[in-house]
Amino acid sequence: MSTNIGEISPGKLKILKAVSEILEDPSAKITISRIARGVNVTEAAIYRHYRSKEDIFINLVGYMENNFLAPLNLVQQEFQHTNQRLERVFRMYMDFIEGHPGFARLFLGHGATEASGIAERIQILHSKIRAQIAQMLRFGQAQGALQYGLEPEQGAELFYGMVVAAAMAQAYSFPQVPTDDRWEVLRRSVLNSNAQ
């Protein structure tokens, strides 16, 4: 079950962001003591918000799930056309990944062994994103919004490959391609420029 961002208290969110920052350093060992130092509180203060490190990671993944799944639902309500939906989701993903290098690492599976069930939840998250993008593109195919001959699953693969590449660039400090350039490549590869 995803954690609703609106339900996270400021103290809990501060802890999750501190863990995300620790995840930016692949050599860092994540402990309650280190998290407490990152938030500038005592270990007891951490335990007032979370029962354990495992509980922190479960909530961390829930926060990430919400930031990847909520945009997929949001665009269905805001936009009618596939090109607008796809672009909005893509830009929201890029904003999240570029603003949270630690979450980019978690998205790629780093830290998945910190709590039981995390690796499976990350795998399910990847599966849900791909399936929902493919569904969005199936709708777009019916609108005539896809490149001629492109199957929705192929378009979803291209979209997903771009998201993973952005996460890798962020997580490993690879050279960054600007979001506008990434979107332009994706748009030309997937969408019919004559469709709305």
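H126 sits in helix α7, where helices (H or I, at least four residues) and strands (E, at least two) are DSSP runs numbered from the N terminus. The model is a predicted one, in which local features need pLDDT of at least 70 and side-chain atom pairs count only at pLDDT 80 or more, while totals for chains, interfaces and linings use all residues. Residues are numbered from 1 along each chain as its sequence is written, and side-chain values use heavy atoms, with hydrogens and water left out.

Is H126 buried or exposed? With a relative accessible area of 17%, H126 is buried (under 20% relative accessible area; exposed is over 50% and partly exposed lies in between, with a 1.4 Å probe and protein chains only). Leaving aside neighbours within four places in sequence, H126 is in contact with F107 and Y160, contact meaning heavy atoms within 4.5 Å.

F107 is also among the contacts of F68, again leaving aside neighbours within four places in sequence; the others include Y93, F96, L125 and I129. F68 belongs to the largest nonpolar core, a set of 60 residues in which I35, F68 and I133 touch the most other members. Such a core is a set of buried Ala, Val, Leu, Ile, Met, Phe, Trp, Tyr and Cys residues joined through side-chain atoms within 4.5 Å. Several helices each supply at least two residues of this core, among them α1 (10-23), α4 (53-78) and α8 (152-171). The largest share, 10 residues, comes from α4. In soluble globular proteins, nonpolar side chains tend to be buried together.

How do the helices pack? Two packed helices are described by the angle between their axes and the distance between the axes. The axes of α5 (residues 82-99) and α7 (residues 118-143) come within 9 Å and cross at roughly 155°. That makes α5 roughly antiparallel to α7, since angles over 145 degrees count as roughly antiparallel, under 35 as roughly parallel, 65 to 115 as roughly perpendicular and the rest as oblique. Axes are lines fitted to C-alpha atoms, for helices over the stretch in contact, and angles run from 0 to 180 degrees between N-to-C directions. In this pairing, residues of α5 including L86, V89 and Y93 meet residues of α7 including I129, I133 and M136.

Helix α5 also packs with α9, at an angle of about 145° and with the axes 11 Å apart. Among the residues making this contact are F90 and M94 of α5 and W183 and L186 of α9.
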